[in-house]
Amino acid sequence: MTSSDRRRDLGLLLLRLGVGGTLAAHGAHKLFGWGGGGGIKSTATFMDSVGFEPGKLSAIAAGLAEGGGGTLLTLGLATPAAGALATGSMAGATATTWPNGFFAQNGGFELSAVLGTAAAALAISGPGRYSLDHVFHNVLNRPWMAPVALAAVGTGTALVVRRRDRHVQKLKEHKAATEATAR
């Protein structure tokens with residue numbers, strides 16, 4: 001192994017630890033209330049409020065995708081599937097924050113875009129040698145797995161976000177009709 005290979009593998013390890021650890025923390029926040037999070041109940045209420053229904057199922061799905069995907073990314077295990085799950089969850093998060101613009105300080109999609117892009121990059125690039133995938137001879141990290149996982153999760157995410165967008169539009173139309181009637 002060359003020094004260039006070691007540098008690349010160390011860089012992938014650091015990227016996995018940072019991105020995977022952040023995603024795992026967000027998942028634990030949603031699922032268990034760790035780090036001051038509200039747990040499933042509070043997350044379900046939030047999911048309902050931004051149009052993801054049913055809220056409890058959406059909260060569990062997001063928490064598992066972030067927590068599970070993040071943990072697997074951190075370990076470098078099943079990296080294509082883990083990266084795809086995290087990417088899908090971050091695409092859903094981006095759908096809710098998109099109207100607020102880019103910057104996180106304004107409630108924008110900055111963080112979800114960066115985490116989602118990094119998770120997708122890890123799904124595509126693989127975890128490097130300092131990973132459980134490498135220890136297990138890449139049984140869960142075959143070249144064909146990244147495009148299949150990203151396509152499957154991308155399709156599912158697009159359907160969920162489309163359903164959410166339609167629901168939000170109906171709520172806006174109902175609110176406008178109610179306000180017009182009240183005048």
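## Helix packing exercises

In this predicted model, A62, A65, E66, G69, L72 and L73 of helix 3 make contact with T79, A82, G83, L85, A86, S89 and M90 of helix 4.

**Exercise 1.** Describe how helix 3 and helix 4 pack, and sort their contact residues by class.

Step 1. The contact of helix 3 with helix 4 comprises 8 nonpolar, 4 polar and 1 charged residues.
Step 2. Helix 3 covers residues 55-75 and helix 4 covers residues 79-97. Their axes lie 8 Å apart, at an angle of about 140°.
Step 3. The crossing of helix 3 past helix 4 is left-handed.

**Exercise 2.** Decide which orientation term applies to helix 1 and helix 5, then list the residues that meet.

Step 1. Helix 1 (residues 3-32) packs with helix 5 (residues 110-125) at an angle of about 130°, and the axes are 10 Å apart.
Step 2. Roughly perpendicular ends at 115 degrees and roughly antiparallel needs over 145. Helix 1 and helix 5 are therefore oblique to each other.
Step 3. Helix 1 passes helix 5 in a left-handed crossing.
Step 4. From helix 1, L12, L15, R16, V19, T22, L23 and H26 meet L111, L115, A118, A119, L122 and S125 from helix 5. By class, this contact has 9 nonpolar, 3 polar and 1 charged residues.

**Exercise 3.** State how many helices and strands the chain has, and what share of its residues is buried.

Step 1. The chain contains 7 helices and 0 strands.
Step 2. Of its 183 residues, 39% are buried, that is, under 20% relative accessible area.

Notes:
Residues are numbered from 1 along each chain as its sequence is written. This is a predicted model: local features need pLDDT of at least 70, side-chain atom pairs count only at pLDDT 80 or more; totals for chains, interfaces and linings use all residues. Side-chain values use heavy atoms; hydrogens and water are left out. Axes are lines fitted to C-alpha atoms, for helices over the stretch in contact, and angles run from 0 to 180 degrees between N-to-C directions. Helices (H or I, at least four residues) and strands (E, at least two) are DSSP runs, numbered from the N terminus. A crossing is left-handed if the near helix is turned anticlockwise from the far one by less than a right angle, and right-handed if clockwise. Contact means heavy atoms within 4.5 Å. Ala, Val, Leu, Ile, Met, Phe, Trp, Tyr, Cys and Pro count as nonpolar, Asp, Glu, Lys and Arg as charged, and the others, Gly among them, as polar. Angles under 35 degrees count as roughly parallel, over 145 as roughly antiparallel, 65 to 115 as roughly perpendicular and the rest as oblique. Buried means under 20% relative accessible area, exposed over 50%, partly exposed in between (1.4 Å probe, protein chains only).
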